[in-house]
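Take a look at the sequence and the model below.

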Amino acid sequence: GGWVKDCYGESVLNEIGHNVIICSGVTLGDRDSVVKYLEGMEREMEKESFKKCERNGVDQGVHNVLIHTGALADRGIDVVVHDQTTGRVANMQAGVAKFNGGRVVN
């Protein structure tokens, strides 16, 4: 929650803090949707107020705010969030990967 709190304040953290954290490193979509997503990320990070919170990994906070506040849906992006244990991609840092014979199977 630190990235969200530092960049957007306590009120936004309270609004979205109950949601699952979604890794920005695994973002997939068609070309138009990804371009809109990147434009949204850029617009947030170029705000003057953003300078106070810039640090390593802060894109995670922006990513989660855009998703959990509905800002991406407002831009016409149909967001689908896959669960870590059933989706096609496993974020290894989440520690929920399932192995079978030395291979990740989830």
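**A walk through the chain**

The count of salt bridges comes to five. A salt bridge here is a side-chain nitrogen of Lys or Arg within 4 Å of a carboxyl oxygen of Asp or Glu. Before we look at some of them, a word on the source. This is a predicted model, in which local features need pLDDT of at least 70 and side-chain atom pairs count only at pLDDT 80 or more, while totals for chains, interfaces and linings use all residues. Residues are numbered from 1 along each chain as its sequence is written, and side-chain values use heavy atoms, with hydrogens and water left out.

Now the salt bridges. One of them joins Glu 39 and Arg 75, at 3.1 Å from N to O. This pair links distant parts of the chain. Glu 39 sits in helix H3, and Arg 75 sits in the loop between helix H5 (71-74) and strand S1 (99-100), 36 residues apart. Glu 39 is partly exposed, at 36% relative accessible area. Arg 75 is partly exposed too, at 27%. The scale is simple: buried means under 20% relative accessible area, exposed means over 50%, and partly exposed lies in between (1.4 Å probe, protein chains only).

Another salt bridge joins Arg 31 and Asp 32, at 3.3 Å from N to O. Arg 31 counts as exposed, with 63% relative accessibility. Lys 51 pairs with Glu 48, their closest N and O atoms being 3.4 Å apart. Lys 51 is exposed at 59%. Glu 48 is exposed at 60%.

Next, the overall plan. The chain has five helices and two strands. Both are DSSP runs numbered from the N terminus: helices are H or I with at least four residues, strands are E with at least two. Along the sequence, the pattern reads α-α-α-α-α-β-β. The C-alpha atoms fill a box of roughly 50 × 30 × 25 Å, taken along the principal axes. Of the 106 residues in the chain, 29% are buried.

Contacts tell us about the fold as well. Contact means heavy atoms within 4.5 Å. Take the contacts between residues at least 6 apart in sequence: 58% of them join residues at least 24 apart.

Which helix is largely enclosed by the rest of the structure? It is H4, because eight of its ten residues are buried. Among them are Val 62, His 63, Leu 66 and Ile 67. The buried residues of H4 pack against helix H1 (2-8), helix H2 (10-16), H3 and H5. After H4 comes Gly 70, whose phi is positive, near 85 degrees.

Finally, look at how H4 meets H3. Two packed helices are described by the angle between their axes and the distance between the axes. Helix H3 (residues 31-45) and helix H4 (residues 59-68) pack at about 120 degrees, with axes 10 Å apart. The axes are lines fitted to C-alpha atoms over the stretch in contact, and angles run from 0 to 180 degrees between N-to-C directions. H3 supplies Tyr 37, Gly 40, Met 41, Glu 44 and Met 45 to the contact. H4 supplies Asp 59, Val 62, His 63 and Leu 66. These residues divide into five nonpolar, two polar and two charged. Here Ala, Val, Leu, Ile, Met, Phe, Trp, Tyr, Cys and Pro count as nonpolar, Asp, Glu, Lys and Arg as charged, and the others, Gly among them, as polar.
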